[in-house]
Amino acid sequence: MQRQILFRCPRTGMNVQHRTDDERPERSEPADSYVPVRCPACMSLHFVNSTTGKLLNEPSGQPGSRPRSA
Ligand SMILES: [Zn+2]
């Protein structure tokens, strides 16, 4: 079974479509599970909620506009 996850890359702000092949129907994931996705936009790994497409550690605000005072 093929699923599609749509999320927005927090680094580039691009909308990314990720397809995942789930060939194990017996392995039922919980509805609120985050899966690691290799982002084609920034080439790094994001954890995306497979159900809602929400990102783990998603900044609550506009992406990229968060000033870093470090
Ligand atoms: Zn990304």
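Me: Is Val37 buried or exposed, and how do I read that from a number?

Reply: Relative accessible area is sorted by cut-offs, where buried means under 20%, exposed means over 50% and partly exposed lies in between, with a 1.4 Å probe and protein chains only. Val37 has a relative accessible area of 0%, and therefore it is buried. Please keep in mind that this is a predicted model, in which local features need pLDDT of at least 70 and side-chain atom pairs count only at pLDDT 80 or more, while totals for chains, interfaces and linings use all residues. Residues are numbered from 1 along each chain as its sequence is written, and side-chain values use heavy atoms, with hydrogens and water left out.

Me: Which residues does Val37 touch?

Reply: A contact is counted when heavy atoms lie within 4.5 Å. Not counting residues up to four places away in sequence, Val37 touches Phe7, His18, Ser44, Leu45, His46 and Val48. Phe7 and Val37 are 30 residues apart in sequence, and their C-alpha atoms are 10.0 Å apart in space.

Me: Which elements does the protein have, and where is Val37 among them?

Reply: Helices (H or I, at least four residues) and strands (E, at least two) are DSSP runs, numbered from the N terminus. The protein has zero helices and four strands, and Val37 has its place in strand 3.

Me: Which residues lie on the covered face of strand 3, and which on the uncovered one?

Reply: In a regular strand the side chains alternate between the two faces of the sheet. In strand 3, which spans residues 34-38, Val35 and Val37 form the covered face, whereas Tyr34, Pro36 and Arg38 form the uncovered one.

Me: How many bridges join strand 3 to strand 4?

Reply: Two strands pair if DSSP finds at least two bridges between them. Here five bridges join strand 3 to strand 4 (residues 45-49), and the two run antiparallel; Pro36, for example, has Phe47 in strand 4 as its bridge partner. The two strands form a hairpin with six residues between them, and Met43 in the turn has a positive phi of about 65°.

Me: Which residues make up the largest nonpolar core?

Reply: A nonpolar core is a set of buried Ala, Val, Leu, Ile, Met, Phe, Trp, Tyr and Cys residues joined through side-chain atoms within 4.5 Å. The largest one here has nine residues, namely Ile5, Phe7, Cys9, Val16, Val35, Val37, Cys39, Val48 and Leu55. Strand 1 (2-8) and strand 3 are the elements that give two or more residues to this core.

Me: What are the protein donors of the zinc ion, and why is their arrangement called tetrahedral?

Reply: Donors are N, O and S atoms within 2.8 Å of the metal (3.2 Å for Na, K and Ca), and since water is not among the atoms, sites may look incomplete. The zinc ion has Cys9 (SG), Cys39 (SG), Cys42 (SG) and His46 (NE2) as its protein donors, at 2.0 to 2.4 Å. Four donors count as tetrahedral if all angles lie between 85 and 135 degrees, and because the angles here are 100 to 115°, the arrangement is tetrahedral. In sequence the donor residues are spaced C-x29-C-x2-C-x3-H.

Methods
Four donors count as tetrahedral if all angles lie between 85 and 135 degrees; four count as square planar and six as octahedral if opposite donors are over 155 degrees apart and all others between 65 and 115; anything else is irregular.
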